[in-house]
Amino acid sequence: PRYGTQLIAAELATQPRDGAILRPHVQITPRLCLKGQVLCTETGDPVDGATLVITHSHSGEQGDNQLDCDAYSHCRTTTGPDGTFEAPGLSPHVLHSIEANHDGFAVATLDAIDANPPEPLIIRLKRGRVITGQVLDHQGQPAAGADIRPISETHAWDSLGDTQTDDAGHFEIGGLPSGERLWLSATGPKHTAHGFREIGPD
């Protein structure tokens, strides 16, 4: 794990062969391990089971077709019962973006993170807004198995998670940002129908 996933650029034609078998010489170097803890903003309690996706930041300095192997960096990890995490295999040559999420909490995104900070990184998750409701079909009957997807003003379409209605058409979805407008998209089974509802910031 300390080496992570590293990209190697090499001209295959210049690599040694054993007959038809290519036997390239590959050299990888140890990488950094980012350590930290995820806490609840409101209570300060550790958040167990939070998922963190850590990727290298795109600086825009490289051309679209230029591959910078040293800059490639990616790790997915989960916090333990005490909220701590370790993210090994990160490149020391770039800054990183972190997305942390957990059911019942709003998604947290951090940018320009050094993989070797002087102190363990503290990430705070805010308890998210919870919305409950019921989806009815055009005949006023409960719509079971409808897909519910939230959309907000500040988060990407697919970053807030989704859920499905139960047999009675009821749903509950949490971890949503508070203090801003939301939209809920409801799609019936097999895309048979589609509905849209705006939810105010309160």
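What follows is a set of questions and answers on how terms are applied to this predicted model.

Tutor: Residues are numbered from 1 along each chain as its sequence is written. The model is predicted, with local features needing pLDDT of at least 70, side-chain atom pairs pLDDT 80 or more, and totals for chains, interfaces and linings using all residues, while side-chain values use heavy atoms, leaving out hydrogens and water.

Student: Why is S91 called buried?

Tutor: Buried means under 20% relative accessible area, exposed over 50%, and partly exposed in between (1.4 Å probe, protein chains only). S91 has 1% relative accessibility, so S91 counts as buried. S91 lies in the loop between β6 (84–90) and β7 (96–101); strands are DSSP runs of E, at least two residues, and are numbered from the N terminus.

Student: What makes the approach of S91 to H93 a polar contact?

Tutor: A polar contact is a pair of N or O atoms within 3.5 Å; within protein, one must be able to donate a hydrogen and the other to accept it, and residues adjacent in sequence count only if both atoms are side-chain atoms. A polar atom of the S91 side chain lies 3.1 Å from the backbone nitrogen of H93.

Student: How do you know that K35 and E86 form a salt bridge?

Tutor: The term requires a side-chain nitrogen of Lys or Arg within 4 Å of a carboxyl oxygen of Asp or Glu. For K35 and E86 the closest N and O atoms are 4.0 Å apart, and the pair forms a salt bridge. K35 is in strand β3 (residues 32–40) and E86 in strand β6, 51 residues apart. By this rule the count comes to 3 salt bridges.

Student: Why is K35 called partly exposed?

Tutor: The relative accessible area of K35 is 45%, so K35 is partly exposed. E86, at 46%, also counts as partly exposed.

Student: What makes R149 and D162 a salt bridge?

Tutor: Their side chains meet at 3.3 Å, N to O. R149 lies in strand β11 and D162 in the loop between β11 and β12, so the pair ties together parts 13 residues apart in sequence.

Key. Helix = DSSP H or I, 4+ residues; strand = E, 2+ residues; numbered from the N terminus.
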